[in-house]
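Colleague: I'd like to learn how to read a pocket and a sheet in a model like this one. Walk me through it, please.

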Amino acid sequence: MDYGKPYLRGKELDQLKIVEHAYLYIVNDKVVDYGTMEEMNHSANVVIDCTNKMITPGLVDPHTHLIFGGSREKEIALKLQGASYLEILNMGLGIHSTVEATKNASINELQEKALKVIDTMNGFGVTSLECKSGYGLDEDTELKQLKALVNLTNNMNIKSTFLGAHAIPKDSDSKTQLSKMISFIEKYKDSNLFQFVDIFCEDSVFNIAESEEYLLKSKELGFGIRIHGDEIKPLGGAELAARIGANSADHLIGSSIEGIKALGKSNTVCNLLPGTSFYLNKSYAKARTMIDNNCIIGLSTDYNPGSSPCENIQFIMNLALLKYKMTPKEIWNAVTINPAYSLNLNAGTLKIGSTADFVIWNAQNHEYVVYHNAVNDVDKVYKSGKLIKEVV
Ligand code: IZC
Ligand code: ZN
């Protein structure tokens, strides 16, 4: 519901505007009114009985890598033998194997594959998401990924992020890769193909100084900026994100207390991805310390073929409860209003005049979905006032 502000931070996160015994009145694609049934004075052509159910805004997943070729299940054996994510990457596998498969896929194949994922995510209650490129690393394939997202479907609001700085191609080095990617951004800056620029700031990928220069240049060129920071090694990604005014700082598993404090004083959304900690068997970001330090928190699946092959945002909400010890209210805000803010997206709240993206849940209260583990509690999903998914 309407908080009268675009995001919630620190202690504010633990509030939720709830209307009991409510109606929601939709005309075409818009929310026109809401309130309690006792106050209801509208008549409607279609009435949906939501007795014993809950309605929320459509969820917003602010960090996905959903447009790619192939998959990486063949690398599981290496993982089980103890090879780490970065060791697998440095063997020329990991992101590089997805780059190869993405190069070999046609734009239609990429779109068909992405549409299946979007359909699954719709089924879990997601109606808006962010999607990154980054499995091309060269002009043609990055462009193919970004073009594949244009007008892909009416069932999902999509914001696109250019992640040409996702890895260093096998025959290149970081400096050459970043200078090529800056040329890409300059060349396509007016194309409307992407709204954000992101970088994998990580040990043996791009360091802090390189990331800072690259992101500042992207910002100057008019883009919003996001950063994969402190995911595996704590390099100072949190401090960097706060210093340069990033829209989001993502992962933050190993961020220092100084970095967390800096984020708490900034408007950068701390976008936490517990599914990745789970899948890589790593420690978890210090969400409670972040909330205590007044940070703005978002949650995401990080859907990708390597470190989080998971479309289920509800499982991420379960993990946020159990591993981050976030409260159910904090969790709902972190999958609605805050990620929408980080994407400059008019979504994530149900207020008068907002687009009617909403979910009807097989749940009688907001705690239930967060507690009910690793299953789907969705009943129906509406996008722009239209039923797009019914889970049976
Ligand atoms: O394909 O491994 N961390 N990038 C940075 C990823 C995970 C995606 C991947
Ligand atoms: Zn990512």
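Colleague: Which element gives the most to the lining of the largest pocket?

Modeller: This is a predicted model, where local features need pLDDT of at least 70 and side-chain atom pairs pLDDT 80 or more, while totals for chains, interfaces and linings use all residues. Residues count from 1 along each chain as written, chains are lettered from A and ligands numbered from 1 in written order, and side-chain values use heavy atoms, without hydrogens or water. Elements are DSSP runs numbered from the N terminus: helices (H or I, at least four residues) and strands (E, at least two). Here S1 leads, with 6 lining residues.

Colleague: How much space lies in the largest pocket?

Modeller: A pocket is an open set of points on a 1 Å grid over the protein atoms alone, where a 1.4 Å probe fits, with protein on both sides within 12 Å along at least five of seven lines; lining residues have an atom within 4 Å of a point. Probe spheres set on the points, joined across faces, edges and corners, fill the volume. Here that's about 1,500 Å³. Of the 47 lining residues, Ala22, Tyr23, Leu24, Cys50 and Ile55 are closest to the centre.

Colleague: Why does the pocket lie between domains 1 and 2?

Modeller: Domain bounds come from an automatic or database assignment. Domain 1 (10-57 + 349-390) and domain 2 (59-342) both contribute lining residues, so the pocket sits between them.

Colleague: In what order do the 4 strands of the open sheet come?

Modeller: Strands pair when DSSP finds at least two bridges between them. Here the order is S3-S12-S13-S14, paired antiparallel. S3 and S12 share 4 bridges, and Ile55 faces Ile360 in S12.
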